[in-house]
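This report describes selected local features of one protein model. The sequence and structure are shown first.

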Amino acid sequence: MQLSDMGASNSCFAAVVVDIPSRALSEPFAYGVPEHLACDIELGCTVLIPFGRRVALGYVIDIAPELDELSFAEGVSPARVKPLRAIVAGSSCASYFAEAALWMSGEYVASLAECLRLFLPPGGTPRLKRRADGTYEVEPPAVAEARERVVSLTIDGNTYVPPANATRQRQLLAALSCGPVTTRELNLLYTDLSAAIRTLEKKGVVQVEERRAWRRADSGTSLSSACAVQPRQLTAGQVEALDAIEHARCERAGSVVLVDGVTGSGKTEVYLSAIERVLADGGEACVLVPEISLTAQTVGRFRSRFGESVAVFHSRLSAGERLDQWDMVRTGAARVVVGARSALFCPFRNLKLIVIDEEHEQSYKQGSAPRYHAREVAAHIARRLRIPLVLGSATPSAEALGRCAEGSYLGQRWQRVEMPERPGGAVLPRVVVADLRREFAAGSRSMFSQVLYDELMGVAERGEKAVLLHNRRGFAPFLMCRECGCVPTCKHCSTALTYHERTHTLECHTCGATYHVRPYPAVGSACPKCGSRYLAKMGLGTQQVEDALRAIMPPHVQVIRMDADSTKAKDAHKQLLEQFDAAECAVLLGTQMIAKGLDFPEVTLVGVVNADYALKMPDFRAQERAYDLLEQVAGRAGRGERPGTVVIQTYLPDNPVIRAVAGHDRSLFTAYDLAQREEASYPPYVRLANVVVWGRDERATRVYAERFAALVREAVADVSLAFVDPVQEGELSLADPTRSPVVLGPTSCVVERAKDRFRFHFMVKCPLGYHVSRVLGECLRELGSQSDISVSVDVDAYDLM
C-alpha cells in the first residue's frame, strides 16, 4: 500500500485506486473517510482525492474501520493518511470487481486503473477537468440516463366523462383504459396529446410520472435462425453435456466444461437449457460470442426463450445504449447478458454461469492494454465465485484440449464432453478438394475451379443458397509495377497497400491511410517509382470475387458481400444477414466473419476461394487458425434436410489442415501441429510472452528494447523456484525451454514500422507454472520509462506480428 500523505482524524479508511493509467501505480493508496462521508461510501464508488500537489479521481476497492484491517495497509500509521475530499458517484460494479482487477493487473502487467476501468459503466462515470487557472472541476458523466414520462388514470379518472366536443380527451382516456402509457407511445398513436394531458392533469383525472427509460440496444431481427424452438428430445451428446454442466453447478467448485461438438450439433440448445436451470434458481448468466455478426442471431434465440430479460453488450452500441444495458444488469432488469468479451465485466449481482461460445476464437484476446484473454479472466471469475464455466467449440483451442487432457489447470477441474452428431438426422457435408495446380495445368485462368463453378450453377438451378469464403477484403491485396516490380506501400507503415476498386483507393489496413490511384488500364495510371503505366492489380480481394460472381451467376441469384468494408454502418451485419435469409436464391460472400455461428438450413454449398492465405502466415498458430476457419465455414453447409457440399480450392491439397477438414478427422491435423509445437517449445507446452517496443527514433527504440531484453535475460537466468507455482516445482533444466525460461530477441517486428513508429520485440518462453508476468513487471519498473518510447507486454500472446 502506498501512502497518500498525512491528514486529520477519520471515521474509517478506504483503499483507493487512483484513476491514472500508469504501471508505477501498481497498488491502491490508503485514504481516510471523514465523518460526513462515512454513511455514503461503498465499494466501487468514485471519490475525489488529494494526490500530491493536485487532486484526482479514484475508485474505492476496500473499506475498513481501522487502518491495519485495510488491504495492503499493514504497518501504515493513521496520522500519515489524508482524508477523501468527496464522493462523486455511487457504485455500479460487480461485487468481485476489485479482486479481479488486481489479478488482471498482475497477470497481464497492466496498470491497475486500466484493469479497473473495465468494470466501470461505459460513459457513466464523472471526469476531472483542469481549468485554465490550474484548479480542477468534476464534470458529470458524458452519457446521461434516458428518462420517459408515463401517463396513468387517477382514481377520479375512472369516472370522469369528458365534454362531448373534447375528442382528444376521449382518445387519451381510451388509450389509458388498459393501463399506464408513455407520452411517446401516445404521440405515436394519436400524434400530439400534450394539451389534453395538461388539461386532465389539472383536473386530477390523469397523473404524469417520470421514470428511467431503457434505450433498446437492437430493433429486433427477421432472421429465421433467430428463434430457438425447444426440441422435443435432446441428442445423447446434448444430454451428456447438460448433465456435466449441471454436475459442475451443483458441485460449486468453479469447474470448466468444454463442450466439443461438431458444427450443427446443437451447442446453443445446451447453453439455453443450462441457463434455464440457472434462472429458475434465481441466478444470472453471461454468454460471450466472438463476432458482432452473430449477435442478432444469438440475441434473437435467447430472447425467444427468455424474453426481455436479455441484455446485449458489444462495441457497436451507442454510448447511451451501452450505459442502459449496463444499468439493466445492475438493477436486475436483465438476468442474461449476451455480447462480446466486454460483456464479462457487467455488474452482475448473482452470476451463476459463464458461457464462451467458439472459445477458440482469437477475438477473445484483447489487442490493447490490458491485453487480457476473456477465457482466462472468465476462468478466474468462475474459480472465485465457484460457478461453472462452459466453453463451446467445434474446433477447441490447443490450450483447452491440453488442459482437459491433464484434467486440471491451476487447481481448477477441466472436463471435455463430446457431441459428435447433428440432431434430426442431419449429416456432415461432403468435402471436395479442388487442386488449383491441376486447374492451371489444364489451362484454366478463372478464380473458380470447374467443380466450384458446377456446384454454383447447381445451386442457382435448384434455387438454393451458398456461402463463399475469401479472407481478403478489398479488390486486390496489392498493386505491382510490371516493369520495375515496385509495390506501393504506406508512407506511415511498412505494409503494402490494398486496392479498393469501388473507391479507386489504396488503403492501409494498419493505420487507415488512404491514397487515390488509377491502376492499369485506366488513363493516368503510373508507378510511383518509375512512372510506368503498367501498375497492375495482384491477387484477389472480396470486391474482385464479388464482380466475378455477378458475372457468372444468373440474374435471379442475389450476391451479398459481407466484410469489414460493407459492415461499417451500425446494424449492417444484421441487415446483410436478413437480406441473405429473405432471398429465394443467394450467394453470401465474405471474410472470416461469415465462417462461424451462422445457421441457415437452406445453405447447401460452401466454397473456399483460396485456402492457402491462412496457411503460410509467419505465426506458430497459423495452421491452427486455418483449420479452425476452414472447419467452421464447412459447417455452414447441410444444416437442414438437404445434404451439403464443401469445395476447398488450394494449391496445397496434401497439407495436414486440408486433409483433416476433408476427412472430418481433427487428429490428422492436431497430431502434426502439436508435434511441431512441442519440438519448437510453443504453447500449449510453454507460456509465451511477447514484448513490443515502439518509438519514432529507430536507434533509441532498438537500444531500449535491447536493455529491456538484457534485464529479463539476467532475471530468468537465476532460476528461482520462488517464481514457480508448486505444481511445477522440480529441477529445471536450462537446456529445455519447457522447464526453464528462454528469451528470444530483440528483433524487428514482422511489420517493422506502423503509424510512423519503429517496432522491435522480444519473446519469453517459460514453463507453464512460471510467473513470467512478475518477472516482466519488475524488470520494466527497474528499467523505467523513456519519453517517446512505448512498451506493450502481451502475456500469453496470440499476435506475434
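The model is predicted, so local features need pLDDT of at least 70 and side-chain atom pairs count only at pLDDT 80 or more, while totals for chains, interfaces and linings use all residues. Residues are numbered from 1 along each chain as its sequence is written, and side-chain values use heavy atoms, with hydrogens and water left out.

Helices (H or I, at least four residues) and strands (E, at least two) are DSSP runs numbered from the N terminus. Strand E13 covers residues 284–288, and five of its five residues are buried, so it is largely enclosed by the rest of the structure. Buried here means under 20% relative accessible area, exposed means over 50%, and partly exposed lies in between, with a 1.4 Å probe and protein chains only. Glu284, Cys286 and Leu288 point one way from E13, whereas Ala285 and Val287 point the other way. Two strands pair if DSSP finds at least two bridges between them. E13 runs parallel to strand E16 (residues 351–357), to which five bridges join it, and Val287 has Val355 of E16 as its bridge partner. Four bridges, also in the parallel sense, link E13 with strand E15 (residues 336–339); there Val287 stands opposite Val338.

| Strand pair | Bridges | Sense | Residues standing opposite |
|---|---|---|---|
| E9 (residues 147–153) and E11 | seven | antiparallel | Ser152 and Gln207 |
| E23 and E24 (residues 505–507) | three | antiparallel | His500 and Thr505 |

In helix H1 (residues 97–107), the buried residues are Phe97, Ala98, Ala100, Ala101, Met104, Ser105 and Glu107. Their cover includes strand E5 (54–64), helix H2 (112–117), helix H10 (374–385) and helix H20 (772–783). Just after H1, Val109 takes a positive phi of about 50 degrees.

The axes of H20 and helix H19 (residues 698–717) come within 10 Å and cross at roughly 130 degrees. Axes are lines fitted to C-alpha atoms, for helices over the stretch in contact, and angles run from 0 to 180 degrees between N-to-C directions. H19 and H20 are therefore oblique to each other; angles under 35 degrees count as roughly parallel, over 145 as roughly antiparallel, 65 to 115 as roughly perpendicular and the rest as oblique. Residues making the contact (heavy atoms within 4.5 Å) include Tyr704, Phe708 and Leu711 of H19 and Val775, Cys779 and Leu783 of H20.

**Asp260**

Asp260 belongs to strand E12 (residues 256–261) and counts as buried because its relative accessibility is 5%. Its side chain makes a polar contact of 2.7 Å with the side chain of Arg666. A polar contact is a pair of N or O atoms within 3.5 Å; within protein, one must be able to donate a hydrogen and the other to accept it, and residues adjacent in sequence count only if both atoms are side-chain atoms. Leaving aside neighbours within four places in sequence, Asp260 is also in contact with residues including Ser393, Pro396, Arg416 and Glu418.
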